[in-house]
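Student: I would like to learn how to read a structure like this one. Please show it to me first.

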Amino acid sequence: MSASLSTDTLRIGIPSKGRLSELAEDLLSQAGLRFRRQNRGLFARVAGLPIDLIFLRTDDIPTLCAEGAIDMGVTGSDLVEEADADVTTRMNFGVGRCRLAFCVPDDSPIRSAAELDGKRIATSFPAVTARYLAQHDAKAHLVSLAGSVEVMIQLGVADAIVDLVETGSTLAANRLKILEEIGAYETVLIQGPRCRDTDTADRLVARLEGVVLARDYSMVEYNIPRSKLPEAEKITPGYNSPTVNSLEDSDWCSVQVMVRRGEVAEVMDRLKSIGASAIFEMLIHNCRL
Ligand SMILES: Nc1ncnc2c1ncn2[C@@H]1O[C@H](COP(=O)(O)OP(=O)(O)OP(=O)(O)O)[C@@H](O)[C@H]1O
Ligand SMILES: O=P(O)(O)OC[C@H]1O[C@H](OP(=O)(O)OP(=O)(O)O)[C@H](O)[C@@H]1O
Ligand SMILES: [Mg+2]
């Protein structure tokens, strides 16, 4: 770690704690960034690259990026929307997925967000909530809170809440149900309007895209009689197209192809049924296509 921040080095804000903290550090490590956060320090220099990592609160990252204090950041798209920040989303990571929803007690007679007109709503997302209500011609008294929002109806502070829902277990534990969903969100990489070093920013995006793609796909390799190749290519069309190599027995060939992880087992069954042999799945850690 260096003692001070340099003025022309790319600054990336990542969550210092909370559920996105480890996730962000893992993604950057897999993209080949080597850094060490020492003694709860607030920033770390990346070895061999002109990048400084700044450890920040997840919900401050959109604003700090828009203001130019940092150039890029890892945060939730819900927080970008709440801050109404002037930033560009460079990547969706496909993780940290959650929804923002209006919720009411299980036995509530209220059936839509529009019916919340004149009621009290507790939330950590007052801006998104106010915008949504305005679009639905409703006006409510918003109680803005930092957390533990689900308990606010029992505490008598609110008639309804707007909060993040992932598995729904917090809602169930508090006997609440979803009334209406405002939107779906996930972890994103954002970039501010005046980036200090766009070349390094683009290079980082390319690296992270390789990591994200490698998480979604496996490499599948198999041998197949040449006569069955057209059929096999229908089962495994590949990301671009499969790589086909000759085998010593000219009636056979070997195929290498990328397959979505969740589809590998079924693809293997189908390949076997048309006569493929020596079918292997290999995990990809990183790629550049
Ligand atoms: N079940 C979930 N609850 C809350 N946020 C979630 C959930 N799943 C994914 N997220 C994402 O994580 C973000 C919150 O990240 P943060 O780093 O603040 O973690 P946290 O664990 O909620 O921290 P804190 O202890 O400060 O509440 C949300 O804005 C959202 O994008
Ligand atoms: O649908 P679920 O899987 O139950 O997840 C949603 C809950 O998790 C988050 O709370 P968090 O753990 O961040 O606590 P907080 O209220 O203190 O932020 C969020 O605010 C919801 O309460
Ligand atoms: Mg939280």
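Student: How many of the residues in the chain are buried?

Tutor: A residue is buried if 20 or more other C-beta atoms, placed from the backbone, lie within 10 Å of its own, exposed if 12 or fewer, and partly exposed in between. Here buried residues make up 32% of the 289 in the chain. This is a predicted model, in which local features need pLDDT of at least 70 and side-chain atom pairs count only at pLDDT 80 or more, while totals for chains, interfaces and linings use all residues. Residues are numbered from 1 along each chain as its sequence is written, and chains are lettered from A and ligands numbered from 1 in the order in which they are written.

Student: What surrounds ligand 2?

Tutor: A residue is near a molecule if its C-beta atom, placed from the backbone, lies within 6 Å of it. The residues around ligand 2 include Gly147, Asp163 and Thr170. Strands are DSSP runs of E, at least two residues, and helices runs of H or I, at least four, numbered from the N terminus. Strand β9 gives the most to this shell, with three residues.

Student: In which order do the strands of the open sheet lie?

Tutor: Two strands pair if DSSP finds at least two bridges between them. The six strands run β2-β3-β1-β4-β11-β5, with mixed pairing. The edge strands, β2 (43–45) and β5 (88–92), each pair on one side only.

Student: In which sense do β1 and β3 pair?

Tutor: Residues 10–15 of β1 and 51–56 of β3 pair in the parallel sense, over six bridges. Gly13 has Ile54 as its bridge partner in β3.
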